[in-house]
Amino acid sequence: RQIKDFPADFLWGAASAAYQVEGAWDADGKGPSVWDTFTKQPGRTFKGSNGDVAVDHYHRLEEDLDLMAQMGLKAYRFSVSWPRVLPAGRGAVNEAGLAFYDRLIDGLLARGIAPVLTLYHWDLPQALQDEYGGWEDRRIIADFAAYCGVLYQRFGHKVQHWVSLNEQNYNLTNAYLLGTHPPAVQDRRRFYQANHHAFLANAQAIALFRQTVPKGLIGPSFAYSPCYPSGSSPEEMLAFENAEEFTNWWWLDAYCLGRYPQAALRFLQANGEAPIIEPGDAELLAAGKPDFIGVNYYYTTTVTDNGLDGQTLQRINTTGQKGTTPSSGVPGLYRTTPNPNLATSNWDWAIDPTGLRTGLRRLTSRYALPLFITENGLGEFDQLTADEQVHDDYRIDYLRQHLLACQAALQDGVELLGYCAWSFTDILSWLNGYQKRYGFVYVDRDEVAVRSLRRIPKDSFYWYQGVIARGGRDL
Ligand code: GCO
């Protein structure tokens with residue numbers, strides 16, 4: 001059968017996030033973020049790792065840009081650190097912070113690489129957390145819009161692709177249900193309220209974008225884990241529908257349709273967990289619909305209808321043993337269960353390229369929007385050989401299978417703007433330090449020792465270089 005080619009203007013990319021790569025945590029006037037504070041509390045992360053230095057991208061910008069050019073990247077997705085630009089979260093702008101992103105964006109453009117700018121990748125200014133509890137207060141909506149406005153004014157004429165909020169679902173689930181991201185709360189009501197404010201902030205930022213950057217494209221990046229029923233009984237199918245509403249449609253309907261899915265909303269109202277929705281909120285959500293959905297895809301989730309007790313929310317592992325898939329099962333409605341059909345990574349994440357194809361099709365059917373894979377990749381324990389190579393054939397295999405799934409989805413009629421592999425260099429894993437590596441480029445350091453920070457392209461670097469050069473043909 002005929003294989004559809006990737007579009008000629010397909011954005012072949014790789015991604016990162018400010019806190020995970022920049023380092024320079026207090027350089028040139030940057031204020032602290034909630035992650036600067038949180039990672040320094042005992043027991044929060046693997047071996048107490050933090051982003052003070054990370055992979056020092058802030059000071060090694062030119063070297064990293066040259067590696068991107070060598071690879072032939074068409075797009076690079078990065079995030080801006082809010083407290084680097086606005087050290088107190090609002091008010092005074094730190095010119096030195098903006099200047100760093102000017103150098104980054106100009107350096108990309110000079111090398112023919114399209115910048116994909118993420119406005120928020122979890123590093124909330126500590127000042128706003130202290131002042132009013134960050135996402136738990138409606139003041140965040142105006143403060144986030146003001147911060148975004150600074151970036152639109154400064155970079156709107158040279159950046160076309162923008163990501164609004166990165167993985168609100170994953171970040172706030174960890175922050176307010178599992179207690180593993182700052183502010184480490186476990187409270188379902190506060191969880192839904194914080195999310196409601198984030199939806200409003202997202203919509204406000206997009207509405208402002210329409211006025212300021214009329215030719216740009218913007219959308220949120222969602223940690224999308226399509227659900228499967230564990231079996232075909234009617235009860236299991238109902239549990240599957242419940243899981244889709246609670247883990248996917250709650251966020252994507254709010255972003256794309258401007259409303260919450262009905263059954264989940266009723267359930268939360270009946271349990272006193274629904275967010276307080278004020279007059280005007282629905283109009284604001286309707287005014288801030290995205291141009292595309294950013295899809296961060298790592299694994300599928302399989303669910304069953306077995307009874308649940310509320311205490312079984314799994315915690316993300318920070319001890320260096322095998323991790324667990326973060327779960328937000330809802331008592332009585334569904335519970336996650338391993339899928340016997342799928343192999344898992346060393347971090348227990350189901351490896352499922354076909355699930356990506358299925359997911360892209362579902363999103364297209366439900367929202368009829370272009371899609372942009374803003375993350376996909378494999379976190380593994382990479383080994384540097386004695387002659388300084390990394391033979392990550394497992395990563396090549398993972399990425400190749402997922403690109404084949406993208407190609408099949410294109411064949412199915414999905415509109416796909418691009419694919420940003422996670423990640424370009426190795427990065428600081430938020431909770432897992434440097435034992436869980438994702439990059440095309442190995443970085444010489446670990447949680448304890450910063451070492452040389454030397455960049456060493458892995459086998460996957462040369463493989464992806466070839467894929468891009470061939471425009472995705474002959475995967
Ligand atoms: C990790 C995570 C991250 C996320 C990314 C989400 O190990 O810390 O996997 O790298 O994938 O930050 O947007």
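1. Disulfides. A search of the whole structure, which is a predicted model, finds 0 disulfides. A disulfide is a covalent bond between the sulfur atoms of two cysteines. Here the criterion is a pair of cysteine sulfur atoms within 2.5 Å.

2. The terms are defined as follows: buried means under 20% relative accessible area, exposed means over 50%, and partly exposed lies in between, with a 1.4 Å probe and protein chains only.

3. Basis of the note. Because the model is predicted, local features need pLDDT of at least 70 and side-chain atom pairs count only at pLDDT 80 or more, while totals for chains, interfaces and linings use all residues. Residues are numbered from 1 along each chain as its sequence is written, and side-chain values use heavy atoms, with hydrogens and water left out.

4. Helix α8. Helices (H or I, at least four residues) and strands (E, at least two) are DSSP runs, numbered from the N terminus. Helix α8 is mostly covered, since 11 of its 11 residues are buried. Among them are Q168, N169, Y170 and N171. What covers the buried residues of α8? The cover includes strands β3 (114–120), β4 (161–166) and β5 (217–223), together with helices α9 and α10. Contact means heavy atoms within 4.5 Å.

5. Packing of α8 on α9. Helix α8 (residues 168–178) packs against helix α9 (residues 188–212) at an angle of about 150°, and their axes are 9 Å apart. Axes are lines fitted to C-alpha atoms, for helices over the stretch in contact, and angles run from 0 to 180 degrees between N-to-C directions. From α8, the residues Q168, L172, T173, Y176 and L177 take part. They meet R188, R190, F191, A194, N195, A198 and F199 of α9. The residues of this contact divide into 7 nonpolar, 3 polar and 2 charged. In this division, Ala, Val, Leu, Ile, Met, Phe, Trp, Tyr, Cys and Pro count as nonpolar, Asp, Glu, Lys and Arg as charged, and the others, Gly among them, as polar.

6. Helix α8 is followed by G179, which has a positive phi near 75°. The peptide bond from P182 to P183 is cis, with omega near 10°. P183 is placed in the loop between α8 and α9.

7. Packing of α10 on α13. The axes of helix α10 (residues 234–256) and helix α13 (residues 353–367) come within 12 Å and cross at roughly 55°. That makes α10 oblique to α13; angles under 35 degrees count as roughly parallel, over 145 as roughly antiparallel, 65 to 115 as roughly perpendicular and the rest as oblique. On the α10 side, F240, E244, W249, L252, D253 and C256 are in contact with R362, L363, R366 and Y367 of α13. The residues of this contact divide into 6 nonpolar, no polar and 4 charged.

8. The loop between β11 and β12. D426 lies in the loop between β11 (416–422) and β12 (441–443). Is D426 buried or exposed? D426 is buried, with a relative accessible area of 0%. Not counting residues up to four places away in sequence, D426 touches several residues, including V55, D382, R437 and K458. D426 and Y462 are 36 residues apart in sequence and 15 Å apart in space, C-alpha to C-alpha. S423 is placed in this loop as well, and a cis peptide bond with omega of about 10° joins W422 and S423.

9. D56 has a positive phi of about 55° although it is not a glycine. D56 lies in the loop between α2 (34–38) and α3 (61–71) and is buried, with a relative accessible area of 13%. E388, a residue other than glycine, has a positive phi near 65°. E388 is found in the loop between β10 (371–376) and α14 (393–411), and at 35% relative accessibility E388 counts as partly exposed.
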